[in-house]
There are 2 protein chains.
Amino acid sequence: MHLFILIVLIACSLAAAPASQPASVPLKVEQWGRFEVALPGPREGNPFLDVELSATFTWNEIARTVRGFYDGDGVYRIRFMPPAVGVWRFVTRSNRAELNGRAGELTVTAPSPGNHGPVRVAGRYHFAYADGTAFVPIGTTCYAWVHQPEALEQRTLATLKASPFNKVRMCVFPTAYKKGGDEPPRFPFERSADGAFDHARFNVAFFRHLEQRIAQLGELGVEADVILFHPYDKGTMGFDRMPAGDDDRYVHYLVARLSAYRNVWWSMANEFDLMHEKHDVDFDRLFQILQADDPADHLRSIHFSARMYDSSKPWITHLSVQNGAAVDDFGRASLYRDVAGKPVIYDEARYEGNIERRWGQLSAEQMVEHCWLGTIGGTFVGHGEVLRDQSGESWTSRGGELRGQSAARIAFLKSILTEAPPVSPIDRFYETHVGGRAGEFYLVYFGSERPAEWAFQLPRIGLEEGMTFRVDVLDTWNMTSTPVEGPAVRLVKQGMYAFAAEGERKIALPGRPWMALRFVRVGAAPTTAVAPVNEAE
Amino acid sequence: MHLFILIVLIACSLAAAPASQPASVPLKVEQWGRFEVALPGPREGNPFLDVELSATFTWNEIARTVRGFYDGDGVYRIRFMPPAVGVWRFVTRSNRAELNGRAGELTVTAPSPGNHGPVRVAGRYHFAYADGTAFVPIGTTCYAWVHQPEALEQRTLATLKASPFNKVRMCVFPTAYKKGGDEPPRFPFERSADGAFDHARFNVAFFRHLEQRIAQLGELGVEADVILFHPYDKGTMGFDRMPAGDDDRYVHYLVARLSAYRNVWWSMANEFDLMHEKHDVDFDRLFQILQADDPADHLRSIHFSARMYDSSKPWITHLSVQNGAAVDDFGRASLYRDVAGKPVIYDEARYEGNIERRWGQLSAEQMVEHCWLGTIGGTFVGHGEVLRDQSGESWTSRGGELRGQSAARIAFLKSILTEAPPVSPIDRFYETHVGGRAGEFYLVYFGSERPAEWAFQLPRIGLEEGMTFRVDVLDTWNMTSTPVEGPAVRLVKQGMYAFAAEGERKIALPGRPWMALRFVRVGAAPTTAVAPVNEAE
């Protein structure tokens with residue numbers, strides 16, 4: 001065995017280690033940690049084009065092949081996120097002898113506390129970490145936050161740390177900038193003397209910086225929803241209109257660098273349908289590359305402006321939707337879910353903001369209402385904020401500080417959902433105010449209505465006479481949860497379709513908007529399995 | 001060439017000809033007409049099982065193979081709906097020598113007036129006949145109308161003739177009946193002495209009757225949305241729980257008999273998810289048979305109760321949806337369309353009725369509102385009526401007469417749509433009251449709102465300063481269309497997203513519910529192509 005490893009980084013968590021940090025054998029990494037092999041190789045020619053490198057990791061009958069990448073200065077790296085505990089073996093393959101046939105053994109240990117693995121789809125419409133721990137996406141958007149001055153990026157990290165957000169949508173490529181103004185500190189490609197970008201020579205400093213930020217998000221428990229392409233270049237840098245071969249090479253390179261970061265999600269594009277130089281078949285091809293290259297099988301989506309990409313394609317794991325209308329009234333959010341048969345995230349449901357564009361004019365109350373309407377519809381709603389500062393910039397454009405009022409209320413919603421089972425609509429053809437898990441947990445949301453009382457009524461599905469529930473009155477704006485006094489509510493059948501509270505008990509409400517009720521079963525479990533409502537003609 | 005044709009029926013339209021009517025050579029049929037070859041063959045054994053028969057029809061490089069079927073009394077038939085004008089050749093194939101290798105030539109002539117061919121999907125979300133004539137489905141449901149006494153079936157046909165409906169959902173298999181009460185006159189299978197159904201012996205009288213009714217619907221211009229399976233047997237006859245092989249044979253037989261009727265649509269099942277003896281893979285298999293056997297490629301859908309079938313599967317041409325909530329408020333109907341990327345028919349959006357079940361309690365006003373809300377959302381809504389007569393039966397159960405108030409208003413809607421281009425939402429994230437075709441035609445619907453005036457405002461897409469429109473005030477309940485007096489409305493830009501009327505002109509409305517406005521462009525066409533709204537971050 002020709003084992004010659006120059007540098008091995010053993011990343012036991014997502015903590016980013018400096019590229020030069022040496023490590024010694026035996027090779028060891030925790031499950032879903034980041035293992036890295038660094039090998040010296042050729043510097044001459046164009047290593048990005050000339051050198052092919054990959055490694056196959058095997059464990060029992062499982063084999064995973066990952067691409068290596070050139071990281072400059074004659075160093076090639078191979079990264080791998082092992083999906084199972086045990087002793088893995090690996091061997092490299094390359095068109096260069098010095099990089100070919102390098103082999104080794106890797107001991108994968110149990111994950112450390114707080115490492116739950118990458119997020120996966122769970123139960124068709126929801127998410128969970130690979131270890132089964134529930135994950136409820138509470139997302140926000142900071143498109144260009146990694147293309148800002150260091151101080152601003154640090155402020156963004158500090159803001160995220162103090163926020164409820166556990167997912168952030170962020171662009172790899174910079175957005176259009178004003179010459180001599182907000183030029184990004186780094187570009188993804190090397191430039192020739194005339195300033196033209198050479199798509200065949202990646203700027204490794206750019207990608208190292210991106211990785212550092214993704215690792216820092218991981219330390220904060222924030223998933224990085226990495227947007228590979230976007231139309232906001234507007235041809236200024238041209239990254240929105242590269243030839244297909246350059247797009248492909250970029251995707252290969254990005255996946256080779258990032259797929260071992262367990263908090264990565266792939267968003268193929270933002271507003272893909274505004275990228276008029278590309279067609280659906282281009283995105284199909286890029287998704288196929290993404291899927292083939294990524295042994296970690298991170299979540300994959302694509303975001304649209306007006307026309308949806310075909311979400312039934314097998315590489316789409318969940319829907320990333322722009323549609324404010326779908327979550328600004330009752331009974332809408334769940335419809336996307338019905339047809340898609342996949343989780344739905346309304347990543348852009350308009351933004352809290354004060355700009356003249358109508359998509360950036362939500363009041364904080366409306367932004368929070370959107371989140372609740374999406375929640376009871378069994379979907380997820382992303383936050384965004386375009387409250388412009390003196391420079392005209394905003395959180396969603398480039399990060400910094402949150403100035404709005406919605407984030408705190410979204411934290412309150414998160415606290416409710418953290419204690420809840422996965423929420424789905426219960427009886428979506430008739431009861432559009434109710435979400436939860438039938439027979440166990442319910443949220444009844446009133447939006448901008450101002451009821452003074454609520455005549456107890458829940459859809460019959462999963463309920464039985466005599467079940468008991470404790471009830472809390474939630475003020476989603478003032479962020480309070482107030483238990484309803486007295487004994488637990490006891491159910492009695494009411495008509496064909498519902499259960500009411502024994503003694504015609506009603507729930508008093510304060511006559512304010514943005515109220516909700518929470519019901520948690522405290523009595524015995526149902527005696528029969530819960531089935532969806534069945535109504536034969 | 002061994003051409004021996006016992007009986008050839010040349011059906012120039014959908015008119016049903018008696019099975020015994022002889023015809024002479026030369027063989028001739030019009031495009032999309034029904035050609036039939038009848039051949040004598042074996043009577044012994046079980047011809048339904050023992051005899052294989054098909055014919056391949058060829059024209060230039062086009063070949064279409066259709067199955068033949070046994071029609072009793074030693075007669076085998078092969079039916080074919082030719083899709084193109086010209087001289088077609090055909091040859092039979094069979095495992096019985098006397099049915100094998102029969103060949104002939106068929107002259108296909110131009111379709112006669114009124115024959116527009118089968119209905120196809122057109123423009124992604126709409127429908128058109130094969131000759132390009134628009135088809136707007138105005139559907140109703142009469143589940144068991146072909147299992148009734150002759151007099152009642154004739155009354156149903158008379159009702160349909162006088163109605164606006166151009167599509168009817170109808171079951172092949174009878175629904176559960178009361179013993180000694182409403183037993184169907186015919187069953188699809190022969191019975192043995194003990195009354196058991198023999199799934200391997202079709203009752204040809206049953207299918208001839210079904211065909212006659214389908215042909216009569218065709219004469220009325222009504223598409224037969226033929227439901228192959230349903231759960232309303234409840235095991236009484238057992239057709240909802242036959243073994244897979246029997247299901248397959250039934251589908252083969254039905255398609256062989258019906259695919260040459262140009263007004264056939266296939267609905268694989270009603271409330272498929274209530275057929276607990278079947279799984280999605282069964283329906284997948286049956287769809288594959290349907291698709292492979294049907295050379296006419298008729299429309300295919302499946303109707304659900306609570307859980308949707310995966311509508312992205314390639315054999316699904318359009319969605320047949322049960323969901324009353326999706327069309328009982330603004331901004332919902334189009335969401336199914338967004339995700340599906342296929343036409344959406346809300347075939348069951350609750351019914352006008354007076355029964356205790358909540359799905360049969362719509363007022364006529366609500367039923368009509370559902371149709372309008374679906375329409376402006378770019379979808380189609382089916383009518384149903386469960387106003388019970390003395391015997392407890394209703395239009396939607398078994399036909400007869402319409403007693404409700406919605407059908408006449410649906411006729412008014414049909415008159416509007418007949419003169420309109422295909423309707424889609426225009427700016428669905430923001431303007432949920434507006435449907436039409438951008439720059440050309442608009443419907444603005446107010447539902448139960450009672451506005452006294454409307455400040456002219458249309459979404460900017462496809463509009464330009466100086467365009468002129470004529471405007472009609474539509475009372476969708478009282479079925480009146482009243483032109484707005486004065487000169488045509490002239491557009492001026494208003495803000496970033498809309499056009500208003502020159503001179504701040506407002507449209508007076510009567511303060512009643514169920515009003516709508518219709519805008520038809522009378523000025524010049526737009527100077528630029530119409531693109532969807534583009535809003536970059």
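This is a predicted model: local features need pLDDT of at least 70, side-chain atom pairs count only at pLDDT 80 or more; totals for chains, interfaces and linings use all residues.
Entry 1. I recorded the crossing of H6(A) and H6(B) as right-handed.

Entry 2. Next I asked which residues in H6(A) and H6(B) meet. From H6(A) I listed Leu335(A), Tyr336(A), Val339(A) and Ala340(A). They meet Leu335(B), Tyr336(B), Val339(B) and Ala340(B) in H6(B). By class, I noted eight nonpolar residues in the contact of H6(A) with H6(B), with no polar and no charged ones.

Entry 3. I then looked up the contact between the chains as a whole. I found 42 residues of chain A in contact with 42 residues of chain B.

Entry 4. I turned to the domains of chain A. The domain assignment gives domain 1 (7-109), domain 2 (119-418) and domain 3 (426-521) of chain A. Taken over C-alpha atoms, the centres of domain 2 of chain A and domain 3 of chain A are 35 Å apart. Their contact takes 17 residues from domain 2 of chain A and 16 residues from domain 3 of chain A.

Entry 5. Which elements give two or more residues to the side of domain 2 of chain A that touches domain 3 of chain A? I found helix H7 (364-376) and helix H9 (406-418) of chain A. H7(A) provides the largest share of this side, seven residues. I recorded the residues of this side of domain 2 of chain A as nine nonpolar, five polar and three charged.

Entry 6. Last, I looked up the confidence values. The predictor gives the complex an ipTM of 0.90 and a pTM of 0.92. Chain A has an average pLDDT of 92, and 93% of the residues score at least 70. I marked residues 1-24 of chain A, where the pLDDT is below 50; this stretch has 52 contacts in the model beyond near neighbours in sequence. I also marked residues 531-537 of chain A, again with pLDDT below 50; this stretch has 20 contacts in the model beyond near neighbours in sequence.

How values were computed:
Residues are numbered from 1 along each chain as its sequence is written. Chains are lettered from A and ligands numbered from 1 in the order in which they are written. A crossing is left-handed if the near helix is turned anticlockwise from the far one by less than a right angle, and right-handed if clockwise. Helices (H or I, at least four residues) and strands (E, at least two) are DSSP runs, numbered from the N terminus. Two residues are in contact if their C-beta atoms, placed from the backbone, lie within 7 Å. Ala, Val, Leu, Ile, Met, Phe, Trp, Tyr, Cys and Pro count as nonpolar, Asp, Glu, Lys and Arg as charged, and the others, Gly among them, as polar. pLDDT is the predictor's confidence in each residue, from 0 to 100. Domain bounds come from an automatic or database domain assignment.
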